[in-house]
Amino acid sequence: AAGTDFAINTVNPYTVIKNGCQWIQENGKSSGNIFNVIMGGDVAEAFLGITLVQNRADIRNFSMDTIGLPQKNAEGGVYLGQVSAGPYIVRLWSYNGSYVNASGVRTYYINQKDMVILPSETNYDLAYAMVRQLIKDGQVPQAGEYLWSEYMDERETSHEMHVKSAPLPIPVAVDTIYTLRVLN
């Protein structure tokens, strides 16, 4: 909608984020005031290019925002900094993770035009999927949170231990996840 499109210079992104945080508190009954905003790559670029964001971040002697260089050596999400949106403290993240399907089409896990807001304390059940295993004669696949294995090589005098896990968080309180398209 025009009232939430970050490409329109008159849209206040802090109000858009505040409204999302407020929605989570009212509908998801989340009691905290610290939230994480995960932005698709295009959204993060648009947010940082908004004149209001740039001017507000340049205020001297009182800081409402601390946006800095992207987090060094981050895997997956990239931490951009922290801002205030109304009464809320908001940690900003950018996420460009994607996969390529068998047809060669790239799909982003978070749409590049979307933004996801989550409370800092989430409510998930953690399930565990099977991990790759080498099944020898007479063995059965192992299931559980972790798969432990070890390898001993007497010639190389080495003893290696490995652990594998494939956790999958399943949202319990779905009203604490707020997704919004902010670029049309």
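Q: Which residues lie nearest the centre of the largest pocket, and how many residues line that pocket?
A: In this predicted model, the largest pocket is lined by 16 residues, and Leu-134, Lys-136, Trp-148, Ser-149 and Glu-150 lie nearest its centre. The volume of this pocket is about 410 Å³.

Q: Which strand supplies the largest share of the lining of the largest pocket?
A: Strand β9 supplies the largest share, with 5 residues. Both β9 and β10 (158–164) contribute at least two residues each to this lining.

Q: How does the lining of the largest pocket divide by class?
A: The lining comprises 7 nonpolar, 5 polar and 4 charged residues. Among the residues nearest the centre, Lys-136 and Glu-150 count as charged because Lys and Glu belong to that class.

Q: What makes the lining of the second largest pocket nonpolar, with no polar and no charged residues?
A: This lining consists of Ile-38, Tyr-95, Ile-110, Val-116, Leu-118, Tyr-124 and Ile-177. Ile, Val, Leu and Tyr count as nonpolar, so the division is 7 nonpolar, no polar and no charged. The pocket holds about 170 Å³ of space.

Q: Why is the aromatic pair of Tyr-99 and Tyr-109 called tilted?
A: The structure holds 9 aromatic pairs. In the one formed by Tyr-99 and Tyr-109, the ring centres lie 5.4 Å apart, with 40 degrees between the planes. The limit for a pair is 6.5 Å, while stacked requires under 30 degrees and edge-to-face over 60; the pair is therefore tilted. Tyr-99 belongs to strand β5 (residues 98–100) and Tyr-109 to the loop between β6 (106–108) and β7 (114–119), 10 residues apart.

Q: Why does Tyr-109 count as exposed, and Tyr-99 as partly exposed?
A: Tyr-109 has 53% relative accessibility, and exposed means over 50%, so Tyr-109 is exposed. Tyr-99, at 39%, falls between the 20% and 50% limits and is therefore partly exposed.

Q: What lies over the face of Tyr-14?
A: Arg-56 lies over that face, at 3.5 Å from the ring centre, which is within the 6 Å limit. Tyr-14 also forms one aromatic cluster with Phe-6 and Phe-47.

Methods. Residues are numbered from 1 along each chain as its sequence is written. This is a predicted model: local features need pLDDT of at least 70, side-chain atom pairs count only at pLDDT 80 or more; totals for chains, interfaces and linings use all residues. Side-chain values use heavy atoms; hydrogens and water are left out. Rings of Phe, Tyr and Trp (its six-membered ring) pair if their centres lie within 6.5 Å; planes under 30 degrees apart count as stacked, over 60 as edge-to-face and the rest as tilted. Helices (H or I, at least four residues) and strands (E, at least two) are DSSP runs, numbered from the N terminus. Buried means under 20% relative accessible area, exposed over 50%, partly exposed in between (1.4 Å probe, protein chains only). A charge sits over a ring if NZ of Lys or CZ of Arg is within 6 Å of the ring centre and within 35 degrees of the ring normal. On a 1 Å grid over the protein atoms alone, a cavity is a set of points where a 1.4 Å probe fits but cannot get out, and a pocket is an open set with protein on both sides within 12 Å along at least five of seven lines; lining residues have an atom within 4 Å of a point. Grid points are joined across faces, edges and corners, and a volume is the space filled by probe spheres set on the points.
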